[in-house]
Amino acid sequence: MATQFSVPQDPDQVWSVLTDFAGFNRWNSFMTAVSGKLAVGEKLSVTLSPSPGKQTTFKPTLLVVNNGRELRWRGRLLVKGVFDGEHYWTLTRNNRGGTDIRHGEDFSGLLVGVVKPGSFKGGFERMNADMSAELARRF
């Protein structure tokens, strides 16, 4: 499942907001807290707020940290193969000098049909709108 949006800021500016984990609680209504070292193989702590008053925290492993281009991590529910998600952002400079952003998650595992990954799309779109607003505020 993927979402796409474009912003007028360049990929380095987008990257600076995307990787400013300490600032997420100020602008991000979906992914309200992220902490950890930004390096491949490191574990993060990520708190999601899928709806008002509800929160869940998980500890994904960073798979790709490609400055200004791609951030990707894999999270799991319980053990490998039950419900796994590979969350990603890819940033591409467009011909207007801004950035095209692809933000999504690839789900796999035994519970994919039960958990209904499509239900996350609204949260991703909310985060995209929050990120666009934060980019406009900062730059």
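Student: Is Gln9 buried or exposed in this structure?
Tutor: Good place to start! This is a predicted model, in which local features need pLDDT of at least 70, side-chain atom pairs count only at pLDDT 80 or more, and totals for chains, interfaces and linings use all residues. Residues are numbered from 1 along each chain as its sequence is written, and side-chain values use heavy atoms, leaving out hydrogens and water. Buried means under 20% relative accessible area, exposed over 50% and partly exposed in between, with a 1.4 Å probe and protein chains only. The relative accessible area of Gln9 is 7%, so Gln9 is buried.

Student: Where does Gln9 lie, and which residues is Gln9 in contact with, leaving aside its neighbours within four places in sequence?
Tutor: Gln9 lies in the loop between β1 (2-7) and α1. Helices (H or I, at least four residues) and strands (E, at least two) are DSSP runs, numbered from the N terminus. Contact means heavy atoms within 4.5 Å. With neighbours within four places set aside, the contacts of Gln9 are Val14, Gly97, Gly98, Thr99, Leu135, Ala136 and Phe139.

Student: Why are the buried residues of α1 on the same side?
Tutor: Helix α1 covers residues 11-18, and its buried residues are Pro11, Val14, Trp15, Val17 and Leu18. They lie on the same side of α1 because the arc they cover around the axis is only 165 degrees. That arc is taken from the directions from the helix axis to the C-beta atoms.

Student: And is Ser119 buried or exposed?
Tutor: Look in the loop between α3 (112-115) and α4 (121-138), where Ser119 has its place. From Ser119 to Met1 is 118 residues in sequence and 10.0 Å in space, C-alpha to C-alpha. With a relative accessible area of 55%, Ser119 is exposed.

Student: What is the bridge partner of Met31 in β3?
Tutor: Strand β3 covers residues 45-51 and runs antiparallel to β2, with 4 bridges joining them. In β3, the partner of Met31 is Leu48.

Student: Which residue in the turn between β5 and β6 has a positive phi?
Tutor: Strands β5 (residues 61-66) and β6 (residues 70-76) run antiparallel, joined by 5 bridges. They form a hairpin with 3 residues between them. The residue with a positive phi, of about 75 degrees, is Gly68.

Definitions and conventions. Pairing = 2+ DSSP bridges.
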